[in-house]
Amino acid sequence: MRLRHAFFGAVAILLIALAAGCVERPQGGAAPDSPNRLSSGDLVEHMKEYDGMTVTFEGEAVGEAMARGSHAWIHLNDDAYFEKNIEEGAPLGGQNSGMPVWVSADLARKIGTFGDYKHEGDIVRVTGVFHAACPDHGGDTDIHAQTLEIVRRGHAVVDQPKPAKLVWAIALSLAAGALFVADRAITGGLKA
């Protein structure tokens with residue numbers, strides 16, 4: 001009984017390893033650097049140094065505008081995926097990072113597309129005052145923007161089905177079914 005379980009376990013591990021080795025990896029070279037002279041990482045790592053400075057910050061608008069009276073919160077990502085996402089061929093480049101921006105609601109309405117799983121958001125450039133611990137917003141880190149311009153309009157993202165993934169899904173399903181039938185046949189679990 002143990003030998004049979006070890007055999008089927010080894011076959012399952014082999015199939016999983018084969019499938020993992022055949023997964024398509026995003027292509028396209030190195031991830032792009034932040035478009036900013038001071039990236040979100042620079043601002044966070046050296047908060048005290050830049051606190052109260054006027055900065056220009058550019059990134060992909062993600063999520064949604066959260067209106068609060070005459071102003072709104074937006075979030076701009078300047079990470080490796082700000083130009084294009086993985087579905088469009090961006091190489092893997094780490095985690096998401098960006099900056100929250102407090103801006104007038106009128107300026108926030110210029111943003112037509114926010115990034116999410118189905119959209120690449122507008123690329124937006126703002127200029128405003130960086131706060132390491134904003135006195136108006138509970139000590140959060142933010143930028144109070146006075147200007148906002150759209151650098152590039154966003155668009156819908158089409159995640160094309162990958163034929164290799166479909167082939168592997170069918171092959172692994174057939175292998176799993178064959179292993180199940182073989183297991184039952186060996187143990188006498190299948191009755192004609």
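I started on strand S5, where Gly-128 is the bridge partner of Val-55. That contact belongs to the antiparallel pairing of S1 with S5 (residues 123-131), which runs over seven bridges. For my own record, strands pair if DSSP finds at least two bridges between them. Helices (H or I, at least four residues) and strands (E, at least two) are DSSP runs, numbered from the N terminus.

**What I am looking at.** This is a predicted model, where local features need pLDDT of at least 70 and side-chain atom pairs count only at pLDDT 80 or more, while totals for chains, interfaces and linings use all residues. Residues are numbered from 1 along each chain as its sequence is written, and side-chain values use heavy atoms, with hydrogens and water left out.

**Confidence.** I checked pLDDT, the predictor's confidence in each residue on a scale from 0 to 100. The protein averages 86, and 88% of the residues score at least 70. Helix H1 (residues 2-21) has the lowest confidence, with a mean of 69, and helix H4 (residues 105-108) has the highest, at 98. Where pLDDT is low, the predicted coordinates should not be read in detail.

**Barrel.** Which strands close the barrel, and in what order? I get five, in the order S1-S2-S3-S6-S5, with mixed pairing. Neighbouring strands of this sheet are turned by 55 degrees against each other on average, direction ignored; the axes behind that are lines fitted to C-alpha atoms (for helices over the stretch in contact), and angles run from 0 to 180 degrees between N-to-C directions.

I then followed S1 (residues 54-68) into S2 (residues 71-77): they pair in the antiparallel sense over six bridges. Ala-67 has Ala-72 as its bridge partner in S2, and Ala-61 has Leu-76. The hairpin has two residues between these strands, and Gly-69 takes a positive phi near 70 degrees there.

**Rings.** I found one aromatic pair in the structure. Trp-73 and Trp-102 sit 4.9 Å centre to centre with 50 degrees between the planes, so the pair is tilted (rings of Phe, Tyr and Trp, the last by its six-membered ring, pair if their centres lie within 6.5 Å; planes under 30 degrees apart count as stacked, over 60 as edge-to-face and the rest as tilted). Trp-73 is in S2 and Trp-102 in S3 (residues 98-104), 29 residues apart. Are they buried or exposed? Trp-73 counts as buried because its relative accessibility is 16%, and Trp-102 is buried too, at 15%. The cut-offs are under 20% relative accessible area for buried, over 50% for exposed and partly exposed in between (1.4 Å probe, protein chains only).

**Salt bridges.** My criterion is a side-chain nitrogen of Lys or Arg within 4 Å of a carboxyl oxygen of Asp or Glu. The count comes to four.

- Arg-109 and Asp-106 meet at 2.4 Å, N to O, and both are exposed.
- Asp-122 and Arg-153 have their closest N and O atoms 2.9 Å apart. Asp-122 is buried at 0%, whereas Arg-153 is partly exposed at 47%.
- Arg-125 and Glu-149 meet at 3.3 Å, N to O. Arg-125 lies in S5 and Glu-149 in S6, so this pair ties together parts 24 residues apart in sequence. Salt bridges that share partners join Glu-58, Arg-125 and Glu-149 into one network.

**Loop check.** Lastly I looked at Leu-92, in the loop between S2 and S3. Leu-92 is exposed, because its relative accessible area is 59%.
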